[in-house]
Amino acid sequence: MQLQVARIGKPHGIRGEVTVQVLTDAPGDRFVPGTQFVVEPATTGTLTVLSARWNKDILLLAFEEIETRNEAETLRGAKLFVETEELDDDDDDEGWYEHELEGLEVRVGDAVVGKVSGLRTLPVQDLLVVTAADGTEVLIPFVEQIVPEVNVGEGYVLVTPPPGLFEVNAEDEAKTGDTPASAPASTNAAGSATAPASSAAAGSDDAGDVA
């Protein structure tokens, strides 16, 4: 089995470096020079870390196979994976990766209300991105009180949303179309509890550009 440890964002500079969204708690161990990653899409082939450095809070990677900015641009959005055999036993208990959660049914009791379409990482807590049955996007705080069960094997997550959570998300999305681009986006939150250790960090493609 393979586990995702990063998503590539935009190129940095002219020598083939890229920004990456880190999806592991141990970047110092995962991105050392010489490390090889399995890449999705597979057409990219494997990538070997040439160098890794931090620019403030952004990790920049260079790969032996990539030498120019144009080549780096072709990697935008690619996902980096490692084989589970390369991970310490303790890492198996770190939680879930975005690719494991995507596509899972979202259930409220016995009712299926949507599917997980992503995972966003925020300083306070992670958010499950759920595509509801009517196509709207709903953000659900990935905390134990609201997401008490994640069953990857059977393909679902169980949520116990506070009253109005789905409705509030839907209303906010509807308002977005009427809001000028310069207006701040509304933020939905259902508590300030820190995300449980069981929710591994991951995020959207846009986040990869700034992570």
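Predicted model: local features only at pLDDT ≥ 70, side-chain atom pairs only at ≥ 80, totals over all residues.
**The chain as a whole**

- The protein chain has five helices and 12 strands.
- Of its 211 residues, 40% are buried.
- Take the contacts between residues at least 6 apart in sequence: 56% of them join residues at least 24 apart.

- A6 has a relative accessibility of 0%, so A6 counts as buried; the cut-off for buried is under 20%.
- Leaving aside residues up to four places away in sequence, A6 touches V20, Q21, L23, F31, A78, K79 and L80.
- P27 can be located from A6 too: the two are 21 residues apart in sequence, and their C-alpha atoms are 9.3 Å apart in space.

**Strands 9 and 10**

- Strand 9 spans residues 126-132, and five bridges join strand 9 to strand 10.
- The two strands run antiparallel.
- Within this pairing, V130 stands opposite V138 of strand 10.
- Between the strands of this hairpin there are four residues, and G135 takes a positive phi near 90 degrees there.
- Strand 10, made up of residues 137-141, is mostly covered, with four of its five residues buried.

**Aromatic rings**

- The structure holds one aromatic pair.
- That pair is formed by F31 and F37, with 5.7 Å from centre to centre.
- The planes of the F31 and F37 rings are 50 degrees apart, so the pair counts as tilted, a class that lies between stacked (under 30 degrees) and edge-to-face (over 60).
- Both F31 and F37 are buried, and F31 is also one of the residues that A6 touches.
- Elsewhere, look for Y156: R107 lies over the face of its ring, at 4.1 Å from the ring centre.

**Where to look first**

Technical notes
Residues numbered from 1 in each chain as written. Heavy atoms only, no water. Buried < 20%, exposed > 50% of the residue type's maximum accessible area, 1.4 Å probe, protein only. Contact = heavy atoms within 4.5 Å. Pairing = 2+ DSSP bridges. Phe/Tyr/Trp six-rings, centres within 6.5 Å; stacked < 30°, edge-to-face > 60°. Lys NZ or Arg CZ within 6 Å of the ring centre and 35° of its normal.
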